[in-house]
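Colleague: Could you take me through this model? I would like to begin with the terms you use for accessibility.

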Amino acid sequence: MIQGWYQGGISLIDWTDPKNPVEIAFHDRGPFNAERMESAGSWSVYWYNGVIVNSEIKRGLDIFELVPSDILTQNEIDAANSVVLTHLNSQGQPVYEWPATFALARAYLDQLERWHGMSAAQVASARQGVDAAEAAAGEDRQDLLMALARRLREAAPNAADAAKVRELLVAVRRLANEAG
């Protein structure tokens with residue numbers, strides 16, 4: 001989630017674990033005038049096709065791109081950037097739908113690893129499955145993805161984050177359907 005705080009700058013917040021939101025990044029230009037109060041700051045901020053656009057009241061636009069860190073992976077950035085809008089009317093508050101991509105599957109695995117949602121061995125095995133499937137084509141890809149989906153379905157009930165494993169399972173099944 002990207003949030004503008006008017007004269008408090010902007011914050012990028014990870015809500016992967018709703019009980020433990022984490023601020024990934026922030027930006028604040030500081031006061032427009034240190035001597036007297038003036039209206040300035042982040043009026044609004046939106047994500048749009050891989051960039052964060054911040055509309056600053058007095059000083060114009062800031063355009064940001066995400067970079068990997070210890071709390072945001074390249075897979076998560078690639079998954080976010082796979083959502084492409086033809087236009088944005090922020091008042092419409094569009095629903096963002098992630099297409100089935102290997103980056104999305106890897107992003108879910110990164111989140112499961114970060115928040116200990118599955119065992120390290122299960123995450124490693126699933127990563128190997130995703131990598132093997134991406135390297136394959138046609139029926140071989142579909143077979144590898146369906147085998148991974150079966151393993152994930154079996155792992156989900158006992159996982160520390162069963163809901164996230166089910167989201168990964170849906171992404172893997174969607175990839176398998178597209179491969180067939």
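Modeller: A residue counts as exposed over 50% relative accessible area and as buried under 20%, with partly exposed in between. Please keep in mind that this is a predicted model.

Colleague: Understood. Where is His-116, and is it buried or exposed?

Modeller: His-116 lies in the loop between α2 and α3 (120-135). Its relative accessible area is 61%, which is over the 50% cut-off, so His-116 is exposed. Its phi is near 55°, a positive value in a residue other than glycine.

Colleague: What about the phi of Asn-49?

Modeller: The phi of Asn-49 is near 45°, which is again a positive value in a residue other than glycine. Asn-49 sits in the loop between β4 (42-48) and β5. With 29% relative accessibility, Asn-49 counts as partly exposed, because that value falls between the 20% and 50% limits.

Colleague: Let us step back. How many helices and strands are there in the protein chain?

Modeller: The protein chain has 5 helices and 6 strands. Along the sequence they follow the pattern β-β-β-β-β-β-α-α-α-α-α.

Colleague: And what are the overall dimensions and the buried share?

Modeller: Taken along the principal axes, the C-alpha atoms fill a box of roughly 65 × 35 × 25 Å. Of the 180 residues, 38% count as buried. Among contacts with a separation of 6 or more, 50% come from residues 24 or more positions apart.

Colleague: Turning to the strands: what is the order in the open sheet of 3 strands?

Modeller: The order is β1-β2-β3, with antiparallel pairing. β1 (2-4) and β3 (22-27) stand at the edges and have a single partner strand each, so one side of each is left without a neighbour in the sheet. From one strand to the next, the twist averages 25°.

Colleague: How many bridges hold the pairs, and which residues face each other?

Modeller: β1 pairs with β2 (residues 10-14) over 3 bridges. In that pair, Ile-2 stands opposite Leu-12, and Gly-4 has Ile-10 as its bridge partner. β2 pairs with β3 over 5 bridges, and there the bridge partner of Ile-10 is His-27.

Colleague: How much of β2 is buried, and which way do its residues point?

Modeller: β2 is mostly covered, with 5 of its 5 residues buried. Ile-10, Leu-12 and Asp-14 point one way, while Ser-11 and Ile-13 point the other way. In a regular strand, side chains alternate between the two faces of the sheet.

Colleague: How do β5 and β6 pair?

Modeller: β5 (residues 51-56) and β6 (residues 60-64) pair in the antiparallel sense over 5 bridges. They form a hairpin with 3 residues between them, and Ser-55 stands opposite Leu-61 in β6.

Colleague: Now the helices. How do α2 and α5 cross?

Modeller: The axes of α2 (residues 102-114) and α5 (residues 162-179) come within 9 Å and cross at roughly 165°. That angle is over 145 degrees, so α2 and α5 are roughly antiparallel to each other. The crossing is left-handed. Contact residues include Phe-102, Tyr-108 and Leu-112 of α2 and Val-165, Leu-168 and Arg-174 of α5. By class, the contact has 10 nonpolar, 1 polar and 3 charged residues.

Colleague: And what does the contact of α1 with α2 look like by class?

Modeller: First the geometry: the axes of α1 (residues 74-81) and α2 come within 8 Å and cross at roughly 140°. α1 and α2 are therefore oblique to each other, and α1 passes α2 in a left-handed crossing. Among the contact residues are Glu-76 and Asp-78 of α1 and Arg-106, Asp-110 and Arg-114 of α2. By class, this contact has 4 nonpolar, 2 polar and 5 charged residues.

Colleague: Which residues of α1 are buried, and what covers them?

Modeller: Asn-75, Glu-76, Ile-77 and Ala-79 are buried in α1. What covers the buried residues of α1 includes α2.

How values were computed:
Residues numbered from 1 in each chain as written. Predicted model: local features only at pLDDT ≥ 70, side-chain atom pairs only at ≥ 80, totals over all residues. Heavy atoms only, no water. Pairing = 2+ DSSP bridges. Helix = DSSP H or I, 4+ residues; strand = E, 2+ residues; numbered from the N terminus. Axes fitted to C-alpha atoms, helices over the stretch in contact; angles between N-to-C directions. Parallel < 35°, antiparallel > 145°, perpendicular 65-115°, else oblique. Left-handed = near helix turned anticlockwise from the far one by under 90°. Contact = heavy atoms within 4.5 Å. Nonpolar A, V, L, I, M, F, W, Y, C, P; charged D, E, K, R; others polar. Buried < 20%, exposed > 50% of the residue type's maximum accessible area, 1.4 Å probe, protein only.
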